[in-house]
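Please read them with the structure open.

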Amino acid sequence: MQYYNRKVEQITETEAWRELSGLAGKRFNPIPADWMNRLVFAACPDRAWPILRDAQKAILRRMQNARLDGLQLDRSPRNKNGTGVYTLKNADGQRRPYRIQIRNLNPLIASCNCSDYCLNSFGICKHILTVVSAILKQEKKISATMLNAPAWPQLPFLYWDPVRPWRGAGDWLDRLRLVEPPGKLDQMSKAHLDLLLLCKQDRSEDDRKWWLLKHSHADQPKKRLHILQVIAEFLQSDSRTASDVAIERLLRWDLDKTERILQSRTLRANLPRHLKGLKGKLYAYQREGVTRFFDSGRLLLGDQMGLGKTVQAIAIAHTLMASDSIQRGLFIVPASLKNQWQNECLLFSELPVQIIDGNPQQRARIYRQCKRGILITNYEQVIRDFHLIEKWKPEFALLDEAQRIKNWATKTALYVKAIQPRFRLILTGTPMSQGYQDLFAQMRFLSPKILGYNSFYSFAANHLEYSEKYPGLIIA
Ligand SMILES: [Zn+2]
């Protein structure tokens with residue numbers, strides 16, 4: 001357990017700690033820089049200076065964003081000590097969808113259900129920073145004990161440690177803890193009991209009992225799905241504030257993914273039957289590409305020109321449609337290739353396919369009238385028709401010539417990413433000829449976790465020698 005490691009207490013006198021405090025200056029005000037240092041040290045078990053400094057910069061950026069956004073408290077819990085679940089609103093009063101849970105102030109133990117919190121491994125996000133700043137500005141209400149480190153803070157019933165280990169798969173389920181003693185068996189709810197049956201007892205560093213999962217079954221989707229369903233049942237039966245708010249989101253991501261993988265593998269098992277419906281025959285290597293897609297329902301296909309990426313994509317779309325796994329698929333292709341895509345679809349398959357064209361009313365009509373089929377659009381139209389696409393809810397998206405989106409940080413990329421279809425396929429030229437940044441962004445479209453958790457860790461990955469040189473003092 002890294003997040004609460006008490007050894008962090010012993011390093012407040014180190015040079016690195018003082019250096020970090022110096023760099024932060026008053027930029028975290030009203031939050032004491034020490035509170036943030038603690039998070040930095042907990043997140044970086046090897047404590048090499050460049051990584052500590054970068055981690056601090058990453059948290060400072062979130063502080064700046066919190067200020068820029070001008071978010072304000074919306075709902076606050078009535079607890080006098082500042083703990084509880086908060087919500088936020090925009091400067092213009094519009095409520096934001098995030099739930100921020102404050103467990104303890106010093107050391108700061110808080111969580112949020114935003115995706116940044118779930119992925120960044122710092123145990124902080126701009127929403128938490130906003131809430132903590134607001135609490136500290138009304139410090140009168142906060143008791144002295146809250147501000148001065150208690151021996152062991154109150155943890156949520158079902159607790160998730162946000163700090164990802166530096167090595168290993170970093171599976172979020174491995175960092176789940178059932179904290180409170182279960183009490184008498186006959187007083188437990190069925191959901192609680194079911195969850196406990198999947199757990200084994202473990203001890204924290206200061207000898208508190210807790211339970212963790214015996215197996216997370218990362219590579220066995222059927223067993224994994226069972227675990228996820230038991231946790232979902234538990235969350236439903238639990239009063240919402242007792243469990244970590246981040247878990248809801250992590251669970252939803254994982255359920256989506258695990259269900260998609262199971263669905264894909266069923267399709268893969270029946271692939272020969274589905275492919276019979278195609279008008280042409282696939283070469284062995286093309287069949288392999290199609291099979292690979294159905295490992296998980298997502299794939300970046302980076303073959304060279306002329307190897308029949310189009311045919312593989314059509315075979316994939318055909319399989320999804322023929323098996324009734326999807327009703328609506330969207331092909332996003334360069335404008336000059338829309339006709340060609342339609343022709344190839346008609347040549348190789350019986351896919352119901354239509355090109356999106358015409359004025360806004362005509363385009364809206366096509367989306368509205370298409371209950372089942374493949375629509376072909378181009379990147380520019382995705383921006384213009386975003387509200388239509390959002391309503392149409394494609395379950396499959398194909399991105400052709402993805403390398404032509406020169407900068408994935410552009411508006412087009414943001415819109416494309418926001419569509420969120422279950423099945424995703426990217427066709428691209430030889431990936432290695434692209435810039436690292438674009439490839440990274442494309443991979444993140446397929447899965448936000450595919451290349452590690454965020455830019456901080458991609459930075460960290462290049463500095464792994466540090467962790468060998470300085471064996472971590474904070475090991476889970
Ligand atoms: Zn957040």
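1. Pro107 sits in the loop between strand S3 (95-104) and strand S4 (109-112). Asn106 and Pro107 are joined by a cis peptide bond, with omega about 5°. Helices (H or I, at least four residues) and strands (E, at least two) are DSSP runs, numbered from the N terminus.

2. Two remarks on the source. This is a predicted model, in which local features need pLDDT of at least 70 and side-chain atom pairs count only at pLDDT 80 or more, while totals for chains, interfaces and linings use all residues. Residues are numbered from 1 along each chain as its sequence is written.

3. A cis peptide bond also joins Asn29 and Pro30, with omega about 5°. Pro30 lies in the loop between H1 and helix H2 (33-43).

4. Overall content: the protein has 20 helices and 14 strands. Of its 476 residues, 37% count as buried. A residue is buried if 20 or more other C-beta atoms lie within 10 Å of its own, exposed if 12 or fewer, and partly exposed in between, with C-beta atoms placed from the backbone. Among contacts between residues at least 6 apart in sequence, 67% join residues at least 24 apart. Two residues are in contact if their C-beta atoms, placed from the backbone, lie within 7 Å.

5. Which residues touch the most other members of the largest nonpolar core? They are Leu39, Val40, Ile100, Cys112 and Ile128, in a core of 61 residues. This core draws at least three residues from each of domain 1 (1-154 + 453-476) and domain 2 (157-269); the domain bounds come from an automatic or database domain assignment. Apart from this core lies another, of 41 residues, among them Ile316, Val333, Val353 and Ala402. A nonpolar core here is a set of buried Ala, Val, Leu, Ile, Met, Phe, Trp, Tyr and Cys residues joined through C-beta atoms within 7 Å.

6. Ile100 can be followed in detail. Not counting residues up to four places away in sequence, Ile100 touches Val85, Tyr86, Leu88, Ala110, Cys112, His127, Ile128 and Val131.

7. Helix H1 (residues 15-24) packs with helix H3 (residues 49-69) at an angle of about 30°, their axes 11 Å apart. Axes are lines fitted to C-alpha atoms, for helices over the stretch in contact, and angles run from 0 to 180 degrees between N-to-C directions. The crossing of H1 and H3 is right-handed. A crossing is right-handed if the near helix is turned clockwise from the far one by less than a right angle, and left-handed if anticlockwise. Ala16, Leu20, Leu23 and Ala24 of H1 make the contact with Trp49, Leu52 and Gln56 of H3. By class, six of these residues are nonpolar, one is polar and none is charged. Ala, Val, Leu, Ile, Met, Phe, Trp, Tyr, Cys and Pro count as nonpolar, Asp, Glu, Lys and Arg as charged, and the others, Gly among them, as polar.

8. Helix H12 (residues 309-322) and helix H13 (residues 338-348) pack at about 65°, with axes 10 Å apart. Their crossing is right-handed. Thr310, Val311 and Ile314 of H12 meet Glu344, Cys345 and Phe348 of H13 in this contact. The contact has four nonpolar, one polar and one charged residues.

9. Is Lys126 buried or exposed? Lys126 counts as buried because 24 C-beta neighbours lie inside 10 Å. Lys126 belongs to helix H5 (residues 126-137). Leaving aside neighbours within four places in sequence, Lys126 is in contact with Arg62, Asn65, Ala66 and Asp69. Lys126 and Ala66 are 60 residues apart in sequence, yet 4.9 Å apart in space, C-alpha to C-alpha.

10. Lys338, in helix H13, counts as partly exposed because it has 19 C-beta neighbours inside 10 Å. Beyond four places in sequence, Lys338 is in contact with Val333, Ile355, Ile376 and Asn378. Between Lys338 and Asn378 there are 7.3 Å, C-alpha to C-alpha, and they are 40 residues apart in sequence.

11. Please check two backbone angles. Ser121, in the loop between helix H4 (115-120) and H5, has a positive phi near 70° although it is not glycine. Ser121 counts as buried, with 27 C-beta neighbours inside 10 Å. Gln420, also not a glycine, has a positive phi of about 55°. Gln420 is in the loop between helix H17 (411-418) and strand S14 (423-427), and is partly exposed, with 13 other C-beta atoms within 10 Å.
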